[in-house]
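Here is a friendly walk through some local details of this chain. Keep the structure open beside the text as you read.

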Amino acid sequence: MPGLRRGGTGRWWLVALLVGAWGCSGTEGPGNADAGVVDAGVDPGPDELPCDVKAVVAEHCASCHTTPLKGNAPLALLARSDFQRSSPVHAQQSVGQRSLERMGNAAAPMPPESEPPLPDEARAVLTQWLEAGMPAGSCGSLPSGPAPTTCASDSFWSEASGTGARMAPGYACRSCHLQQSPNNAYFFMGTVFPSLHVADGCDPRLGSPSNVKVEILDAQGEVRLTLVPNEAGNFMLSLPGFRGQVGYAANGTCEAAFSNSTGLT
């Protein structure tokens, strides 16, 4: 059921990067030796980017040089240490020095020709930092991107599959129903997946009857309701008397990923 959050283990899981060494595409050019590679066993200093460098990397490089990698980028550039590492192509050089060379390489530019060019101001910020030896800053590193989604069954719901209790597993059920089918906007709605990072619409094939239970707790932690998901992982219950009350939470009896679309805490 559509835009849900997932997370956690045990009970229930309630449910980016520089104009780099190679970039989203392109070929390598020749490099120079002795380019500031940090020797093994030597403390490289704080693993934090300067604020202006971090902002440039986030805006102009993160679309490819992230985790997981995108656009054929060969490596992520999220932290200062990523630039200090030895280049996989030219071991005598750092990734940062290779990045500097690629920014000035007309034959194999970075960003590549398929991407918007780097504005002069942003280029100046990166160039100054790289030429200065990539000194530590105070703005930390860039976050990794979301983990890739999977679908073990390789079977997905689609609109052609029709509507009903097994429709759209993983999607934001209640928000969709409130807009398109208010009479079926059940107060408690959601999807249970057997693992983390399952793609929306994936059929988890839990089996019938499912051995998973969803417990609805009140503000004192007492179980008020117990729901059993169907084969598609979907659960739902309409209880008008509960409307307006707060402090409910979802709980479970086995490890699973819970897509929460009910507004429960």
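Let us begin with Arg-205, which sits in the loop between S1 and S2. Helices (H or I, at least four residues) and strands (E, at least two) are DSSP runs, numbered from the N terminus. The model is predicted, so local features need pLDDT of at least 70 and side-chain atom pairs count only at pLDDT 80 or more, while totals for chains, interfaces and linings use all residues. Residues are numbered from 1 along each chain as its sequence is written, and side-chain values use heavy atoms, with hydrogens and water left out.

**Backbone points in loops**

Although Arg-205 is not a glycine, its phi is positive, at about 50 degrees. Arg-205 is also exposed, with a relative accessible area of 52%; exposed means over 50%, buried under 20%, and partly exposed in between (1.4 Å probe, protein chains only). Asp-154, in the loop between H4 and helix H5 (173–180), likewise is a residue other than glycine with a positive phi, near 55 degrees. Asp-154 is exposed, its relative accessible area being 65%. Most residues other than glycine have a negative phi, and most peptide bonds are trans.

| Cis bond | Omega | Loop holding the proline |
|---|---|---|
| Thr-67 to Pro-68 | about 0 degrees | between helix H1 (51–60) and helix H2 (80–84) |
| Met-110 to Pro-111 | near 0 degrees | between helix H3 (95–103) and helix H4 (120–131) |

Strand S1 (residues 188–193) is mostly covered, with six of its six residues buried. Which residues point to each side? Phe-188, Gly-190 and Val-192 point one way, Met-189, Thr-191 and Phe-193 the other way, and all are buried. In a regular strand the side chains alternate between the two faces of the sheet. S1 runs antiparallel to strand S4 (residues 234–237), and four bridges join them; two strands pair if DSSP finds at least two bridges between them. Within this pairing, Met-189 stands opposite Met-236 in S4.

Finally, turn to Asp-218, in the loop between strand S2 (214–217) and strand S3 (223–227). Asp-218 is buried yet has no salt bridge, a salt bridge being a side-chain nitrogen of Lys or Arg within 4 Å of a carboxyl oxygen of Asp or Glu. The nearest side chain of opposite charge is Arg-224, 4.2 Å away; Lys and Arg count as positive and Asp and Glu as negative, with His and the chain ends not counted. The side chain of Asp-218 does reach the backbone nitrogen of Gln-220, at 2.9 Å.

Technical notes. Polar contact = N/O pair within 3.5 Å; in protein donor to acceptor, adjacent residues only side chain to side chain.
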